[in-house]
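The sequence and structure come first.

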Amino acid sequence: MERRPPTNGQHEGLPRLEVPPSDIESECALLGSIILDATVLDEACEMVRPEDFYRPANGSIVAACVALRDARTQITYLSLRDALEASGQLAQCGGVEYVS
């Protein structure tokens with residue numbers, strides 16, 4: 001039988017992960033940190049992108065924070081809520097309850 005190289009970034013001899021590694025609590029902690037101190041966003045953007053988040057809603061929230069920062073709008077719970085609502089993403093991000 002012919003040996004083929006691993007595909008999809010899998011390494012030979014390692015089990016294939018059915019679910020990618022994730023830590024939703026860490027994602028939420030980062031979001032809260034960004035809202036409390038917008039300078040955290042700059043540091044976070046050096047390490048992760050919105051598409052890196054396991055929960056897509058968290059990535060959308062980070063993307064909204066980036067858009068607020070780029071528009072030179074202060075990142076607060078209210079400005080984030082308004083931005084997500086204006087883009088039609090508030091409900092899919094978990095609504096006001098999740099964003100708060």
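A crossing of two helices is called left-handed if the near helix is turned anticlockwise from the far one by less than a right angle, and right-handed if clockwise. The model discussed here is predicted. In it, the crossing of α2 and α3 is left-handed.

**Helix pair α2 and α3**
- Helix α2 covers residues 39–47, and its axis comes within 11 Å of that of α3, with a crossing angle of roughly 120°.
- The two helices, α2 and α3, are therefore oblique to each other.
- From α2, Leu41, Asp42 and Cys45 meet Val62, Cys65, Val66 and Arg69 of α3.
- Sorted by class, the contact of α2 with α3 has 5 nonpolar and 2 charged residues, and no polar ones.

**Nonpolar core**
- There are 17 residues in the largest nonpolar core, and those with the most contacts inside it are Leu41, Ile61, Val62, Cys65, Leu80 and Leu84.
- Two or more residues of this core come from each of α1 (24–36), α3 (56–70) and α4 (77–86).
- The most is given by α3, with 7 residues.
- Leaving aside residues up to four places away in sequence, Leu41 touches Ile34, Val62, Cys65, Val66, Arg69 and Ile75.
- In soluble globular proteins, nonpolar side chains tend to be buried together.

**Ser60**
- Helix α3 also contains Ser60.
- Ser60 has a relative accessibility of 16% and therefore counts as buried, the cut-off being under 20%.
- Residues up to four places away in sequence aside, Ser60 touches Leu84, Gln89 and Cys93.
- Of these contacts of Ser60, Leu84 is among the residues with the most contacts inside the largest nonpolar core.

Terms used. Residues numbered from 1 in each chain as written. Predicted model: local features only at pLDDT ≥ 70, side-chain atom pairs only at ≥ 80, totals over all residues. Heavy atoms only, no water. Core = buried A, V, L, I, M, F, W, Y, C linked by side-chain atoms within 4.5 Å. Buried < 20%, exposed > 50% of the residue type's maximum accessible area, 1.4 Å probe, protein only. Helix = DSSP H or I, 4+ residues; strand = E, 2+ residues; numbered from the N terminus. Contact = heavy atoms within 4.5 Å. Axes fitted to C-alpha atoms, helices over the stretch in contact; angles between N-to-C directions. Parallel < 35°, antiparallel > 145°, perpendicular 65-115°, else oblique. Nonpolar A, V, L, I, M, F, W, Y, C, P; charged D, E, K, R; others polar.
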